[in-house]
Amino acid sequence: MDLKRIGNAKTNYIGKEIIYKEEMESTQELARKLAINGAKNGSLIITNNQTKGKGTKGRIWNTTKEKNITMTIIIKPNFKTEQLEGLTLKIANAIKEAVQELYNYELSIKEPNDLLLNNKKICGILTEASSIGDKVNYILIGIGFDVNEENFNKELQNIATSLKIEYGKEFEIEEIIVKIIEKIEKIV
């Protein structure tokens with residue numbers, strides 16, 4: 001993982017602090033602990049191998065080592081809880097735009113938090129917020145994106161895909177991360 005390349009994204013704060021571990025259970029869980037303990041706004045938690053990834057409604061999200069994007073962004077916004085309305089959909093649109101600009105591939109959004117390619121899930125977003133009253137303390141934006149995955153278990157083969165499966169070539173994970181964080185920073 002080329003962390004320097006990610007750190008050189010054209011962002012003001014997202015990805016300027018990167019917490020990277022070759023393997024971890026969940027970027028979302030580590031991000032929560034770091035956010036509570038004063039992590040910087042825009043901190044990016046990333047791994048090559050997530051062993052207990054979380055999806056929506058507590059579902060497990062599995063990934064193959066070094067094949068996909070597994071990351072969580074910590075945002076410490078200066079806004080009120082009502083501004084959280086529709087945030088996940090805005091993030092989905094940002095990811096859709098990133099892929100469109102990079103490769104001219106058209107993803108579709110399955111509201112509120114999935115992106116599809118050829119009617120199969122390719123990306124999931126897990127957005128969590130902590131607030132007191134109407135003030136948001138932090139937002140965790142977890143992103144799992146199947147980039148170079150080639151092997152899905154039997155129950156997922158008909159409903160999940162990756163860029164590599166669809167287009168038959170390897171993609172640069174860092175290039176996609178950079179474009180995604182540049183897009184997300186414009187909306188949070």
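This is a predicted model: local features need pLDDT of at least 70, side-chain atom pairs count only at pLDDT 80 or more; totals for chains, interfaces and linings use all residues.
Residues are numbered from 1 along each chain as its sequence is written. Local features need pLDDT of at least 70 and side-chain atom pairs count only at pLDDT 80 or more, while totals for chains, interfaces and linings use all residues; side-chain values use heavy atoms, without hydrogens and water.

The protein contains 5 helices and 9 strands, taken as DSSP runs (helices H or I, at least four residues; strands E, at least two) and numbered from the N terminus. Their order along the sequence is α-β-α-β-β-β-β-α-β-β-β-β-α-α. Along the principal axes, the C-alpha atoms fill a box of roughly 45 × 30 × 30 Å.

Of the 188 residues, 46% are buried, meaning under 20% relative accessible area with a 1.4 Å probe and protein chains only. Among contacts (heavy atoms within 4.5 Å) with a separation of 6 or more, 67% join residues 24 or more positions apart.

Helix α5 covers residues 173–185 and reaches 18 Å from its first C-alpha to its last. This span is close to the 18 Å expected, the rule being 1.5 Å times one less than the number of residues. Because 11 of its 13 residues are buried, α5 is largely enclosed by the rest of the structure. The buried residues include I173, I177 and I181. The buried residues of α5 pack against several elements, among them α1 (3–7), β2 (44–50) and α3 (87–103).

How values were computed. Buried means under 20% relative accessible area, exposed over 50%, partly exposed in between (1.4 Å probe, protein chains only).
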